[in-house]
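Trainee: Could you take me through one part of this model closely? I would like the details residue by residue, then how that part sits among its neighbours.

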Amino acid sequence: GADVYFTGGVYWMAGKDMSVGVTADGVTTVTDNDMVDFLKDLFTGNDSGNGTKIGFAGSDALATLAKMESERFKVVKEFERWGLKFTSFDSNFGKLLVMHHELMDLNNKSDELFVIDPEYLRKKTFLSWNRNEYDMAKLAKRDTRAVVMKEASCCYLVYPKAHARVKVGSL
């Protein structure tokens, strides 16, 4: 494979920009039909990835999805995987597992989802974990020992079309 040195952040590696729902008079709504069309577009097409994806949601995006009045999508359905709790949106096209992620809010993306296909998330390690011990008394700092653990690595996405940046509401 190709060498990976700087990723610029995995957010920008996603190959799709999408939206779901409509914003009118400052209120964003997502209908069953909006969600069906969105999931179809998310899970179909060349290099669209696997049948399970993870969506990291900003607080406004998650609130909008939680307010969906739906017969088709039971948004209160919790799904636990990897020790994390998700809201699961199941469709004939695939399963979207959504959870709140505070980094979306901190980056002014509270009305967005960042959707990844976990099968196509990679980690490149440049320096493996190592452990260094320091005698702080010899360094004239204090009468103790210190341990520093470090690793140099980055995460990156492959198959860009398997991942998406999603605006919840009108673009």
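**A close look around one glycine and its sheet**

Mentor: Start with Gly-169, which is found in the segment after β11 (164-168). Keep in mind that this is a predicted model. Gly-169 has a relative accessible area of 0%, so this glycine is buried. Who surrounds Gly-169? Leaving out residues up to four places away in sequence, Gly-169 touches Ser-19, Val-20, Gly-21, Val-22, Thr-23 and Thr-28. Look also at Ala-24. Gly-169 and Ala-24 are 145 residues apart in sequence, yet their C-alpha atoms are 8.8 Å apart in space.

Now step back to the strands. β1 and β11 pair in the parallel sense, over five bridges. Two of the partners can be named. Val-20 has Val-168 as its bridge partner in β11. Asp-17 has Arg-165 as its bridge partner in β11. In general, strands of a sheet pair through backbone hydrogen bonds, either parallel or antiparallel.

β1 also has two faces. Lys-16, Met-18 and Val-20 make up the covered face. Asp-17 and Ser-19 make up the uncovered one. The general rule is that side chains in a regular strand alternate between the two faces of the sheet.

Next, the whole sheet. It is open, has seven strands, and runs in the order β1-β11-β8-β4-β7-β6-β5 with mixed pairing. β1 (16-20) and β5 (78-81) stand at the edges with a single partner strand each, so one side of each has no neighbour in the sheet. On average, neighbouring strands of this sheet are turned by 35° against each other, direction ignored.

Take α1 first. Helix α1 covers residues 32-43, which is 12 residues. From its first C-alpha to its last, α1 reaches 16 Å, close to the 16 Å expected at 1.5 Å a residue. Which residues of α1 are buried? They are Asp-32, Met-35, Phe-38, Leu-39, Leu-42 and Phe-43.

Where does α1 lie? α1 lies across β1, β4 (52-57), β6 (84-90), β7 (95-100), β8 (112-116) and β11. Its direction is at about 170° to β1. Helix α2 (residues 59-66) lies across β4, β6, β7, β8 and β11. α2 runs at about 125° to β7.

Follow the chain out of α1. Just after the helix, Gly-45 takes a positive phi of about 105°. Asp-47 then lies in the loop between α1 and β4. Is Asp-47 buried or partly exposed? Its relative accessible area is 49%, so Asp-47 is partly exposed. Neighbours within four places in sequence aside, Asp-47 is in contact with Tyr-159, Lys-161 and Ala-162. Trp-12 is 35 residues from Asp-47 along the chain, and their C-alpha atoms are separated by 17 Å.

Last, the cysteines. The count of disulfides comes to zero. For Cys-154, the nearest cysteine sulfur is that of Cys-155, 7.0 Å away. A disulfide needs the two sulfur atoms within 2.5 Å. Cys-154 is therefore in no disulfide. Cys-155 is in no disulfide either. Cys-154 counts as buried at 14% relative accessibility, while Cys-155 counts as partly exposed at 40%.

How values were computed. Residues numbered from 1 in each chain as written. Predicted model: local features only at pLDDT ≥ 70, side-chain atom pairs only at ≥ 80, totals over all residues. Heavy atoms only, no water. Helix = DSSP H or I, 4+ residues; strand = E, 2+ residues; numbered from the N terminus. Expected span 1.5 Å × (residues − 1). Buried < 20%, exposed > 50% of the residue type's maximum accessible area, 1.4 Å probe, protein only. Contact = heavy atoms within 4.5 Å. Pairing = 2+ DSSP bridges. Axes fitted to C-alpha atoms, helices over the stretch in contact; angles between N-to-C directions.
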